[in-house]
Amino acid sequence: MKRSTLSMQLYRRVLLLLALTALAIGAVLYVFADREISRAADVQLIDAAKLLDMMMQDEFAQGVLVRRDRVVDGHGDPLLTTEDEKAFQATYDSCMFAVFWNGKLVARSGWGAPVRLLPLEPGLHTFTAQGDGWRSYGMQSIKTPLLIVVAQRHAAREFSLGPVLAELALPMLLLLGLSMLVLWATLRKSLSQVERLASTINARSLADLEPLEPEVWPREMEPLVVALNKLFARLEGAYDLEQAFTDDVAHELRTPLAAIRAQAQVLRRLAPQAVGQDVDRLTSTVDRANNLIDGMLMLARLNATAVASRSVDVHGLIAEVVADAMIEARADGIECSVVPEHIVRWQCDAALLQVALSAVIGNAIRHARCGGQLDIALARGSDQLVVSVGDRGPGIPAAERERLLRRFEHGALPTAGSGLGLSIASKAMTLLGGTIRLEERPDGHGLLAVLTLRSQAS
């Protein structure tokens, strides 16, 4: 679910980028199309003015207006015949015109902007008339004081832009849809390889630092695979150094501690009455130091433990752990019950589960002395196995339960423990892909440690 969500998020982001890019390209195309259409429209105005000039060439003679060989002053017959005007409108139906002789109107089209608002200067101009935008071109005759002004509404230009945009819209939409399909296929293929790599690495434990095989991964992922292999090599070297250092320190510490314990026992035999209690305290301190060293070694080795799953008889494993814990703690007066009494099998790493159970059951036995009862229950479901270990000891306040799962943390009650038992159990359960939590017993005082293992298929 998380992987598909990640893929969809990435797809939506890239799709948004693609849409923004398409909009930007569309805006650029619009600007260029509008500019080219405006240029074409300006050329059309210039051509229209030239056409009018050609139509009126027969009416000019030596700087004066003439009409059918008669000199006129602009108040006589029209300068353009009806046929000329129809021919002009048939060619340039969206253009109006006005002709001026020495600034005096001598001819005009039957529609358009008021003549008084027309720019009476040569060249291209933009003006507003009756709420509409207009574009005009003034053509000054070289030989005569004749000025021809041709104008066109902006709306006509925009109308010309519409068909161009309509023709571009369909190819752009088809291109965008095709890009989306190609993008989806490319992302799906690429992300599937990334997800496979993530699953491969996620399935490994800290001890599984074998390098990845570059040939089984796509060529574009080679830099990532090479970088991961270098990281695995550095981690393996660091774990080896840590393990060697921890073993050396433990060995160096155990030797003087064993000597101290031996000397204390000799001293007790020589003067049992005088120093008996002091020797007992010293021996207890040495034993606690040994337990602390063992716990630290166990935590260090858990980091380098390779997880190997197999079918495990959890009921039988609990029975072995309980028996060993009872002998070690000399807890003959504690009653222990395990339900159900039949075999319960689960697919997991037996060694890691034994470490977690030993830590939790050992802790429960130490605190069950005052209650004299240890209750262990197994509940197997389709996707998880729950092991509950309950004692009748003083329990742990709710505010301290989470803290006691960390290293070197002790409860408020005096204890001879090293403060590593529950943290070892938590570490082992993490490597197993499970969880551990501390709760209050629902049937009375005491502590309930709940270990949950989840199916590897879920």
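Reader: What is the relative accessible area of Q384?

Author: This is a predicted model, in which local features need pLDDT of at least 70 and side-chain atom pairs count only at pLDDT 80 or more, while totals for chains, interfaces and linings use all residues. Residues are numbered from 1 along each chain as its sequence is written, and side-chain values use heavy atoms, with hydrogens and water left out. On the scale used here, buried means under 20% relative accessible area, exposed means over 50% and partly exposed lies in between, with a 1.4 Å probe and protein chains only. Q384 counts as partly exposed because its relative accessible area is 27%.

Reader: With which side chain does the side chain of Q384 make a polar contact?

Author: Q384 belongs to strand 13, residues 384-391, where strands (E, at least two residues) and helices (H or I, at least four) are DSSP runs numbered from the N terminus. Leaving aside neighbours within four places in sequence, Q384 is in contact (heavy atoms within 4.5 Å) with W346, A379, T452, L453, R454 and S455. A polar contact is a pair of N or O atoms within 3.5 Å; within protein, one must be able to donate a hydrogen and the other to accept it, and residues adjacent in sequence count only if both atoms are side-chain atoms. At 2.9 Å, the side chain that makes this polar contact with Q384 is that of R454.

Reader: How far apart in space are Q384 and W346, C-alpha to C-alpha?

Author: W346 is among the residues that Q384 contacts, and W346 lies with C348 on the covered face of strand 11, whereas R345 and Q347 lie on the uncovered one. In a regular strand the side chains alternate between the two faces of the sheet. Q384 and W346 are 38 residues apart in sequence, and their C-alpha atoms are separated in space by 9.1 Å.

Reader: How many residues lie between strand 12 and strand 13 in their hairpin?

Author: Two strands pair if DSSP finds at least two bridges between them. Strand 12 (residues 373-380) pairs in the parallel sense with strand 10 (residues 335-339) over five bridges, with E335 opposite Q373. Strand 12 also pairs with strand 13, in the antiparallel sense and over seven bridges, with A379 opposite V386. In the hairpin formed by strand 12 and strand 13, the number of residues between them is three.

Reader: Which residue forms a salt bridge with R135?

Author: Side chains of opposite charge can pair when their charged atoms come close. A salt bridge is a side-chain nitrogen of Lys or Arg within 4 Å of a carboxyl oxygen of Asp or Glu, and R135 forms one in which the closest N and O atoms are 3.1 Å apart. This pair links distant parts of the chain, strand 7 (residues 132-140) and helix 1 (residues 2-55), 93 residues apart. R135 is buried, and so is its partner, which is D42.

Reader: Which residue forms a salt bridge with R437?

Author: The structure holds seven salt bridges, and D375, R392, R441 and D443 are linked in a network of them. R437 counts as partly exposed because its relative accessibility is 41%. The closest N and O atoms in the salt bridge of R437 are 2.4 Å apart, and the partner is E439.

Reader: How far from R401 is the nearest side chain of opposite charge?

Author: R401 is found in helix 8, residues 398-401, and, not counting residues up to four places away in sequence, touches I396, L438, E439 and E440. Lys and Arg count as positive and Asp and Glu as negative, while His and the chain ends are not counted. R401 is buried yet has no salt bridge, and the nearest side chain of opposite charge, E440, lies at 4.1 Å.
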